[in-house]
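Start with its aromatic rings, then go on to its sheet and one of its helices.

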Amino acid sequence: MHKPLVEPGDEALLQDIAAANRGDGEFRLWWLGQSGFLLQWDGRHLLLDPYLSDSLTRKYAGTPTPHIRMTALPVQPGRLGFVDVVTCSHSHTDHLDPETLLPLIEANPRLRLVIPEAEREAVGKKLSTPWPATVGLDQGGTIEIDGFRINAVASAHETVELDAAGRCRFLGYVVEFGGWAVYHSGDTLLHPALAESLKPFRIDVALLPINGRSPERRVAGNLNAREAAWLGREIGARTVIPCHYDMFTFNTAPVEDFVTAAREAGQGWQVVRCGERWESSRLGRG
């Protein structure tokens, strides 16, 4: 059975990130828990939906949905002083966390933050400070930052929700760089346009949630194991790395169910523990 990785902690993880930083055309990913990933390529670093604090555990202590951690914090955000870009898929705290973002911004004065344009006001309120290097996107929009071409795709959480101006509140991002393409869905369920909007990108790695949905959790749902495996297969992703599990005890799912579903679907997959490095050289293995 898969076990969440409690270590390595700041020093070991930072040393691993530094040791992997080679200009060899490959890219690396580290899962940082929940939907958070660090992407490293050609000496550049992009963070996807980082949640690197215990803010939700404190907020919901003593409530019907206590956010009890299953996996230890892999690194303090202020130690990541080499990040070029951060993407946030939507304004829920496990994807856009002030206690993560503010130390990151302080440690990286030139940091660019990519958000849904529809959530710009919400982001400003959560961070309690304007950040001039914030880039807002809507579905179909694209921005290139430091060699990363970031393409916005609509996500459904639980629906494809639009603001008064018709802009999408929940996004996923396809990040293209050096001939590679990585899709990070953020939180999403399947919706009619999702697979078709992703097929043209020739995605190498899809980072997909597998915790599913259950009304008694009292939170919006996500893809379940079979849906994540199906979506990866449908869009032609070379591999799927599951996420959004093993963070909070009330809102998780067995990763073994995803492994079974991926095998049955004939979908390439990799399970990565929190804090563990994954390298693009592993594509094609499963």
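Are Phe27 and Trp278 buried or exposed? Both are buried, where buried means under 20% relative accessible area, exposed over 50% and partly exposed in between, with a 1.4 Å probe and protein chains only. The model is a predicted one, in which local features need pLDDT of at least 70 and side-chain atom pairs count only at pLDDT 80 or more, while totals for chains, interfaces and linings use all residues. Residues are numbered from 1 along each chain as its sequence is written, and side-chain values use heavy atoms, with hydrogens and water left out.

The structure holds 9 aromatic pairs; rings of Phe, Tyr and Trp (for Trp, its six-membered ring) pair if their centres lie within 6.5 Å, and planes under 30 degrees apart count as stacked, over 60 as edge-to-face and the rest as tilted. One of the pairs is edge-to-face: Phe27 and Phe177, at 5.2 Å centre to centre with 90 degrees between the planes. Phe27 belongs to strand β1 (residues 27-33) and Phe177 to strand β9 (residues 171-177), so this pair ties together parts 150 residues apart in sequence. Strands (E, at least two residues) and helices (H or I, at least four) are DSSP runs, numbered from the N terminus. Phe177 is buried, as is Phe27. The rings of Phe27 and Trp278 have centres 5.6 Å apart and planes at 50 degrees, so that pair is tilted. It links Phe27 in strand β1 with Trp278 in strand β13, 251 residues apart. Phe27, Phe177 and Trp278 are among the members of one aromatic cluster, which also includes Trp41, Phe148 and Trp180.

Two strands pair if DSSP finds at least two bridges between them. Leu46 has Val85, in β4, as its bridge partner.

Helix α3 covers residues 98-107, and its buried residues are Pro98, Thr100, Leu101, Leu104 and Ile105. They lie on the same side of α3 because they cover an arc of only 160 degrees around the axis, taken from the directions from the helix axis to the C-beta atoms. The cover over these buried residues includes β3 (44-48), β4 (85-87), β5 (112-116) and α4 (120-127), with contact meaning heavy atoms within 4.5 Å.
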